[in-house]
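Hi,

Here is the structure I promised to pass on. Please have a look at it first, and my notes follow below.

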Number of protein chains: 2
Amino acid sequence: MKLAPSRKNASVVPGDPSVPVPDGRSSRWTEHRTERRRELIKTARRAIDALGPGASMEDIAATADTSKSVYYRYFGDKTGLQRAVAEVVLGQMQQKVLDAAKAASGPREGFHSMVLAYLQMAQTSPNVYAFVTRVGIAESSASDDGAHDTLAHFLAAVTAMISRPVRAFLLSPERSAGPDDAAPEYWPTAAIGMVRSAGEQWLATPPGPGRPTEEQLARQITGWLFDGIGPGEPPALPSTTRRQEKDMP
Amino acid sequence: MKLAPSRKNASVVPGDPSVPVPDGRSSRWTEHRTERRRELIKTARRAIDALGPGASMEDIAATADTSKSVYYRYFGDKTGLQRAVAEVVLGQMQQKVLDAAKAASGPREGFHSMVLAYLQMAQTSPNVYAFVTRVGIAESSASDDGAHDTLAHFLAAVTAMISRPVRAFLLSPERSAGPDDAAPEYWPTAAIGMVRSAGEQWLATPPGPGRPTEEQLARQITGWLFDGIGPGEPPALPSTTRRQEKDMP
DNA sequence: ATACCTATCGTAGCTGATACGCTAGGTATC
DNA sequence: GATACCTAGCGTATCAGCTACGATAGGTAT
């Protein structure tokens, strides 16, 4: 009773490849896959947190009590794992930012909450932060194109996250007075670069007395971004616009 | 610049380092060493410029018509070469900055010239820039300390370069009115991070119509750093009630 | 109920790059 | 001529990233 040899299996089904044949042998694994994927990401995060951002795939897999091939099957390559972890971390950070942004009174407060969320995230797991923000893990040796293809995936995602509100703010009517905006599309990246650099120096600072709190640093960075450090710029600006929030508890 | 003796060789004098017997056989080589070292750095720079920031030591040595071991002797490891190249690049940039700073009218113009020099340097050789800016080439896999030990060497040097004038400016009498300065020691790093991020996005932008010139971008960044983007910041800003609802992946 | 198929798992091995030691041989000074 | 110094090339150790193959447990069709 051999069945027809031409009709091998349902993968290249001639009639309808879409719905009406829910093969249990495949569908059985979908739930398992998503669950396992989540678990793998979670374990990878723990492993990186414990082993450092340079943890190898083997180390990560060993921490998960499995082997490298599982990770490679689920994430393709190491950059895929990086991206997956970054997605989760970004989602949590985004959640925090959204919650805080609801209570924000203005763009300044909104941005302050973002910076704060960023710093808190980095502080919570510096190793995971370093892993996620790393530029091309696999591309570093193979690419000879010159400039980095883009920023790291996580930073690119953060940039995309803040780009829209920033753009809206930069183009708001009351803000068009200045002669700025020669290149406003660079501001989100620039701002994140500032946050990142300050945050990483802050992370590297031992938690001694001189180290500011997350709140203080976030407030400071927000001030730099919104007010700058130049006090009035003597030639063109009289003394009208001194800086505002002198006393802000 | 001190030329460090490589690491294990007989560069340390055997008997007494202070005895006034200048052995000609030793002193003759010092000049040769410095000259050769300079040549090796120069050739490495050309090789990286041609091959990309991920060029291997063998590629670099082949471009210099020599072998890897020469580079390893002179620079210890790849990070040492990175540091040496960074030193030269930084020196040239510093020269340019100093020349420009002499003609600067104030801190703003001085900083503008610095940013401009940075951008021009990066633009001149994007590959060398990427090589020099890269964080730990050898530490990435061996170190599990967590945070990067410091910033990249080049960026740390640039930070050190601008830290002193910045500190002097931040503590200048007319600027001490604001309640800022909760963490002024983070500003140089933060500012360089902004310059770096904006510059790298700028480098990655194809030189089409929308791309600003170095001058424009430098002017823009200087404006962001000195004036910020929030002009006045009226306490109640109604136009940003609900922005940033984002799609979560 | 039996033979077949699907998707996963994990062991083991491959590829390529990097760091670096070792030895032979050349060259200029004393 | 003797000696200190350098160079060159080969070879090795290691390790990250990645892949191929056999084995197994669970669904499916006859």
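Which residues of the largest nonpolar core touch the most other members? They are Tyr71(A), Phe154(A), Leu225(A), Tyr71(B), Phe154(B) and Leu225(B), in a core of 123 residues. A nonpolar core here is a set of buried Ala, Val, Leu, Ile, Met, Phe, Trp, Tyr and Cys residues joined through side-chain atoms within 4.5 Å. Buried means under 20% relative accessible area, exposed over 50%, and partly exposed in between, with a 1.4 Å probe and protein chains only.

Before you go further: this is a predicted model, in which local features need pLDDT of at least 70 and side-chain atom pairs count only at pLDDT 80 or more, while totals for chains, interfaces and linings use all residues. Residues are numbered from 1 along each chain as its sequence is written, chains are lettered from A and ligands numbered from 1 in the order in which they are written, and side-chain values use heavy atoms, with hydrogens and water left out.

Chain A has ten helices and zero strands; these are DSSP runs numbered from the N terminus (helices H or I, at least four residues; strands E, at least two). Of its 249 residues, 43% count as buried. Among contacts (heavy atoms within 4.5 Å) in chain A between residues at least 6 apart in sequence, 66% join residues at least 24 apart.

Back to Phe154(A): leaving out residues up to four places away in sequence, Phe154(A) touches Ala86(A), Val89(A), Leu90(A), Met93(A), Tyr118(A), Met121(A), Val132(A) and Thr133(A). Val132(A) and Thr133(A) are also among the buried residues of α6(A). Helix α6 (residues 126-133) of chain A has seven of its eight residues buried, so it is largely enclosed by the rest of the structure.

Next, a helix pair. In chain A, α5 (residues 107-124) and α10 (residues 214-227) pack at an angle of about 135°, with their axes 9 Å apart. That makes α5(A) oblique to α10(A). The residues of this contact divide into ten nonpolar, five polar and six charged. Among them are Phe111(A) and Leu119(A) from α5(A), and Leu225(A) and Phe226(A) from α10(A).

Finally, a spot in chain B. Pro53(B) sits in the loop between α1 (24-51) and α2 (57-63), and at 5% relative accessibility it counts as buried. Its C-alpha atom is separated by 8.7 Å from that of Arg134(B), 81 residues apart along the chain.

Best wishes

How values were computed. Axes are lines fitted to C-alpha atoms, for helices over the stretch in contact, and angles run from 0 to 180 degrees between N-to-C directions. Angles under 35 degrees count as roughly parallel, over 145 as roughly antiparallel, 65 to 115 as roughly perpendicular and the rest as oblique. Ala, Val, Leu, Ile, Met, Phe, Trp, Tyr, Cys and Pro count as nonpolar, Asp, Glu, Lys and Arg as charged, and the others, Gly among them, as polar.
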